[in-house]
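Please have the sequence and the structure open while reading.

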Amino acid sequence: MTHFRTLEWTGSALRLLDQRRLPAETIYLDLGDAREVAEAIRTMVVRGAPAIGAAAAYGLALAAQRAPAERLLDALEEAAEVLRRSRPTAVNLFWAIQRVMDKVHANHALDADALRALVLSEAHAIAEEDVAVNKRIAQHGQSLVPDGATIIHHCNTGSLATVDYGTALGVIRYAHEIGKRIHVYLDETRPRLQGAKLSAWELNQLGVPHTVIVDGASGFVMRRHKVDLCIVGADRIAANGDTANKIGTYNLALVARAHGVPFYVAAPTSTIDLSIRSGDEIPIEERGADEVACVGATRVVPEGSPVLNYAFDVTPAHLITAIITEAGVVYPPYEEGLARAVRSRSEAR
Ligand code: MRU
């Protein structure tokens, strides 16, 4: 059982667990408008593709609540734009905003209170569906996780990165819940340490056996220990299966290929972006130099040495053994299978 809520609607505010303070402190922030939500996404109070999508949807609900009736539609368009600018790579952000705004446009003739209620109920639907979708991903993933498996995982893809349960970590925790004896090596995930700080915090609470390693250790761990599979999440999957995920994912996939270890991506269909053909078109966020140059409050890179801080990379489809979605496991070549998975989501709604 996890004893925290990544994000929660209080009735008048969006309550976020401040992930920057974990694992030392469990502190919640109540946000009252869309600009605060956008800032929380930008500064990574909330992070992880599905979680920022749901947070943005609630950001629109806050914008609707605060706007006077005569400005409601304009205020929603403005809030949508502010939220879209918060982070560029995870497509769930744009997907969730578009889903809410499509609902708004289709119902623009409603009176202000009805429209406010509609925006909020769409945000709730996005949040609730995310949990159900993750549990389906976890079940579909079991065919790929043998009893006794040793697994390498990158970044954080658990309850903290989603509304609850998780994607890749959801597959892992479900394997543990149904009694498989697994062991997980967690890449620490420089520079923000989502693996060391967040995934380890989650697996500790869940009682899943795990060991934290530095990102550069995965090759040697594969050589020294029997590793059965790698599993990671995704921020955006192009139509051909190329997958953007946390920086270091591509290296892990290359190392896995060199050792003959299967490399799986677990993601909801809301992470699949059929509007782009390949990973070359995925916008990759670059973050501030201090994330790399400083460890805590201490600068470790000499002043004057430039830093390049790509927050994500793209793993080419040919290095991915399969993609686990809520609609089932998709195998290469990916075009048809991913398109079918996305269609099944729209048909289900
Ligand atoms: O920069 P972050 O922490 O938002 O990056 C998160 C990741 O890259 C996750 O692996 C991805 O969003 C999948 S989360 C289910």
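Helices (H or I, at least four residues) and strands (E, at least two) are DSSP runs, numbered from the N terminus. The model is predicted, so local features need pLDDT of at least 70 and side-chain atom pairs count only at pLDDT 80 or more, while totals for chains, interfaces and linings use all residues. Residues are numbered from 1 along each chain as its sequence is written, and side-chain values use heavy atoms, with hydrogens and water left out.

**Helix α7**
- Just after α7, Gly 207 has a positive phi of about 75°.

**Burial of α7**
- Buried residues (under 20% relative accessible area, 1.4 Å probe, protein chains only) include Gln 194, Leu 198, Ala 200, Trp 201 and Leu 206.
- Their cover includes β2 (14–17), α6 (168–177) and β9 (243–246), in contact through heavy atoms within 4.5 Å.

**Ligand**
- Of the 19 residues around the ligand (a heavy atom within 4 Å), Arg 47, Gln 194, Asp 235, Asn 245 and Lys 246 come nearest.
- Polar contacts are pairs of N or O atoms within 3.5 Å.
- For Asn 245, a side-chain N or O atom is 2.8 Å from a ligand oxygen.
- Taken alone the ligand exposes 420 Å², and the protein buries 99% of that (Shrake-Rupley method, 1.4 Å probe).

Methods. Buried < 20%, exposed > 50% of the residue type's maximum accessible area, 1.4 Å probe, protein only. Polar contact = N/O pair within 3.5 Å; in protein donor to acceptor, adjacent residues only side chain to side chain.
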